[in-house]
Amino acid sequence: MEKEKAIVYGKGGFYKENKEVIERQFDVIALVDRKEKEGTVSLSEAVKMPYNKVIIAIYDVGMCFEVIKVLMETYQIPAENIVLGRSQIDDVWESVCVDSEGNIKVSLNGISVSARNVDEYNNIYDIFKLNCYGYDIGNETAEVVLDIGMNIGGAVLFFLLKNNVKKVYAYEPFKDTYRQAMKNINENSHLGAERKMCFHYGVSNANGSREVLYNPNMSCGQSTDAQTNLHARKNYEGWQLISKDDDKVEKIWIKDIKEILMDIYKNHILEHIVLKIDCEGEEYKILERIDECNLFARIKVIMLEWHYMGSERIINILKKNGYVYWNFNQENNTGLIYAYRK
């Protein structure tokens, strides 16, 4: 059987280490690289040759996104003709490809999720490969999960894979991020549309609206809290992941956690409640509000990320309400807390 003709983009470490695998499957007709290297041609020259696929032979996921954008926008190469080199050697995912919008789409355990940037890709990796929300209460009581900070829907899909989870309630205030989440969730409708409800607003200690600076390339660090947003932006600028050219002011809505929990407690009398909170700074206000309203009694498990203001306020609340907990400090003054109450 005749091999497909391919242009390989990237003549660095990835190609050198996986040359045999690539050439076993493709007839490589040209090598392209961002830097001039011996044996390479320019991309504009390469695309004039008769070819079937362009293989991105790069380890760095952020750079892969940059190359995908150039291939699709500058050279109008359709997504189905772009092959991520890691798809030929990767044992992380069952499959990985480029979708029609230039996102990286991964599949695992019967579900698929599309990430629009390296930030979202890393978030999906943490959820599905590092199992960062892999709790197990250890009984047969049904569970209801609140996903506060839904992002692009990865955690919703992860929780829906759990047989004990009766329903997931998910909250995301930012329009573009919410739209991507709904796309990912709706593409996995076999998990049961009746088992999830997704809301286009954030969660805090009161009802209201705010105007915040939004950047699509920091969707995993975007906050409804102005001070936290400043901290996050400094980090993302330092990592060179965002440009001020992409900034826009967005009006978002938030809802009081008290009202949310009261409704859920009324509709789910027997189920255990699980809180997953990754909402970039609002976690302090949310937990203080739950404590103030004496609403912790039904919450069995809390999995949260804290941001920039330390863990002490949160730990004091957890101790007061009878939780055992594990606190993990991370870089950039953030951390993870997992808490359980018998």
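## Basis of the description

Residues are numbered from 1 along each chain as its sequence is written, and side-chain values use heavy atoms, with hydrogens and water left out. Because the model is predicted, local features need pLDDT of at least 70 and side-chain atom pairs count only at pLDDT 80 or more, whereas totals for chains, interfaces and linings use all residues.

## Helix 3 and its ends

Helix 3 covers residues 61–74, and its 14 residues reach 20 Å from the first C-alpha to the last, close to the 20 Å expected at 1.5 Å a residue (the expected span being 1.5 Å times one less than the number of residues). Helices (H or I, at least four residues) and strands (E, at least two) are DSSP runs, numbered from the N terminus.

The buried residues of this helix are Val-61, Gly-62, Cys-64, Phe-65, Val-67, Ile-68 and Leu-71, where buried means under 20% relative accessible area, exposed over 50%, and partly exposed in between (1.4 Å probe, protein chains only). At the start of helix 3, a side-chain oxygen of Asp-60 comes to within 3.1 Å of the backbone nitrogen of Gly-62, while Gln-76, just after the helix, takes a positive phi of about 50 degrees.

Ile-257 lies in helix 9 (residues 257–267) and is buried, with a relative accessible area of 0%. Leaving aside neighbours within four places in sequence, Ile-257 is in contact (heavy atoms within 4.5 Å) with Leu-146, Ile-148, Val-203, Ser-204, Ile-286, Arg-289 and Ile-290. The C-alpha atoms of Ile-257 and Ser-204 are separated by 5.9 Å, although the two residues are 53 residues apart along the chain.

Asp-225 counts as buried at 13% relative accessibility, whereas Lys-285, at 25%, counts as partly exposed.

Asp-256 forms a salt bridge with Arg-289, with the closest N and O atoms 2.7 Å apart; Asp-256 is in strand 13 (residues 248–256) and Arg-289 in helix 10, 33 residues apart. Both Asp-256 and Arg-289 are buried. Lys-320 forms a salt bridge with Asp-291, the closest N and O atoms being 3.1 Å apart. Lys-320 counts as exposed at 61% relative accessibility, whereas Asp-291, at 13%, counts as buried.

Key
Polar contact = N/O pair within 3.5 Å; in protein donor to acceptor, adjacent residues only side chain to side chain. Salt bridge = Lys/Arg side-chain N within 4 Å of Asp/Glu carboxyl O.
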